[in-house]
Amino acid sequence: MREITKDLSKIPESLKNSTTEKHFNSAIESGEFSKKSDRYKQSDTKEELEDIYHKKCAYCEKSLLDGFKHIDHFRPKKLYHWLGYSWDNLILSCDYCNVNKRDNFPIAGDKQNYSGEEFSDIHNLSSNYDRLEKPLIINPERDRGYLKHIEFDKSGQISSDDEKVKTTIKESKLNRSELRERREKIFTDFQNSLNRKLIKFPKNLAVIKDTIEEFIEDTTDDVEFYTFRRYILEKPDKFFERNLLPIVKKVVTRN
Ligand SMILES: [Zn+2]
């Protein structure tokens with residue numbers, strides 16, 4: 001999970017045009033979202049979301065470059081038929097997370113219902129709904145400050161002391177073996193390469209420093225599992241043994 005910034009005034013054209021308005025009106029009339037409507041996944045919306053989410057899944061941070069990508073509704077369109085085309089309700093997700101989430105939307109407050117909102121109103125309703133419904137899962141676009149409650153260990157396991165983050169980890173299955181193993185591999189590959197250099201060039205710390213610098217440079221917004229990589233750099237004590245720890249700390253503080 002990451003904190004994502006979306007400009008709610010920059011609504012993709014296809015979500016605002018008259019064809020979408022017709023689809024919106026028929027959803028209101030029938031009281032349900034048509035399974036056949038694809039107005040929320042036109043190419044302009046998809047491209048904008050790919051840009052905002054750095055082509056990664058909003059929930060698990062897996063790269064979507066080659067895999068399936070879905071436009072997911074944070075509030076499921078089956079339960080909130082009037083929010084199917086709402087810009088502030090659309091996020092990018094991978095195949096697994098999309099199917100896993102389905103129509104599940106746990107809340108602690110009162111479920112909101114359609115109350116006469118016009119087509120032009122639908123793109124910015126979520127913050128008000130959040131206040132009233134108190135969702136139990138994190139929304140990467142609206143929740144802030146939760147990253148400090150996310151912890152990882154060397155095996156790539158994610159955990160938290162915060163209830164909302166905990167629920168999100170559980171609901172989104174963020175410890176499923178595929179993700180955990182891929183995170184673990186990021187750390188072990190990094191550590192192994194540092195150890196190899198340490199054995200080969202015991203007197204030349206510059207070589208090891210370069211490898212750490214490379215890892216830092218590669219930790220960009222676009223990279224998979226950015227949050228885990230950042231965490232390794234921020235909490236080296238939790239990851240490295242005494243042979244590597246001082247040098248990792250030195251390079252990391254310098255950056
Ligand atoms: Zn995912």
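Helices (H or I, at least four residues) and strands (E, at least two) are DSSP runs, numbered from the N terminus, and two strands pair if DSSP finds at least two bridges between them. Residues are numbered from 1 along each chain as its sequence is written. The model is predicted: local features need pLDDT of at least 70, side-chain atom pairs count only at pLDDT 80 or more, and totals for chains, interfaces and linings use all residues.

**Stop 1: the strand pair.** Select K69, which stands opposite C94 in β2. Next, colour β2 by burial. A residue is buried if 20 or more other C-beta atoms lie within 10 Å of its own, exposed if 12 or fewer, and partly exposed in between, with C-beta atoms placed from the backbone. In β2, 5 of its 5 residues are buried. L90, L92 and C94 lie on one side, I91 and S93 on the other, and both faces are covered.

**Stop 2: helix α2.** Move to α2 (residues 43-52) and select T45, E48 and L49, which are buried. They sit on the same side of α2 because they cover an arc of only 95° around the axis; the arc is that of the directions from the helix axis to the C-beta atoms. Which exposed residues does the face turned away from the buried side carry? Select S43, E47 and D51 to see them.

**Stop 3: positive phi values.** Most residues other than glycine have a negative phi. α2 is followed by H54, with a positive phi near 50°. K55 lies in the loop between α2 and β1, and its phi is also positive, near 55°. K55 counts as partly exposed because it has 17 C-beta neighbours inside 10 Å. Now go to the loop between α4 (126-133) and β3 (150-152), where K134 is found. The phi of K134 is positive, near 50°. K134 is partly exposed, with 13 other C-beta atoms within 10 Å.

**Stop 4: I208.** Select helix α7 (residues 205-218), in which I208 lies. Why does I208 count as buried? There are 22 other C-beta atoms within 10 Å of I208, so this residue is buried. Leaving aside neighbours within four places in sequence, I208 is in contact with L194, K197, L198 and I247.

Stop 5: Colour domain 1 (13-142) and domain 2 (177-254) separately; domain bounds come from an automatic or database domain assignment. Their C-alpha centres lie 37 Å apart. The contact takes 7 residues from domain 1 and 7 residues from domain 2. On the side of domain 1 that touches domain 2 there are 1 nonpolar, 2 polar and 4 charged residues. Ala, Val, Leu, Ile, Met, Phe, Trp, Tyr, Cys and Pro count as nonpolar, Asp, Glu, Lys and Arg as charged, and the others, Gly among them, as polar.

**Last stop: confidence.** Colour by pLDDT, the predictor's confidence in each residue, from 0 to 100. The protein chain averages 94, and 99% of the residues score at least 70.

Key. Contact = placed C-beta atoms within 7 Å.
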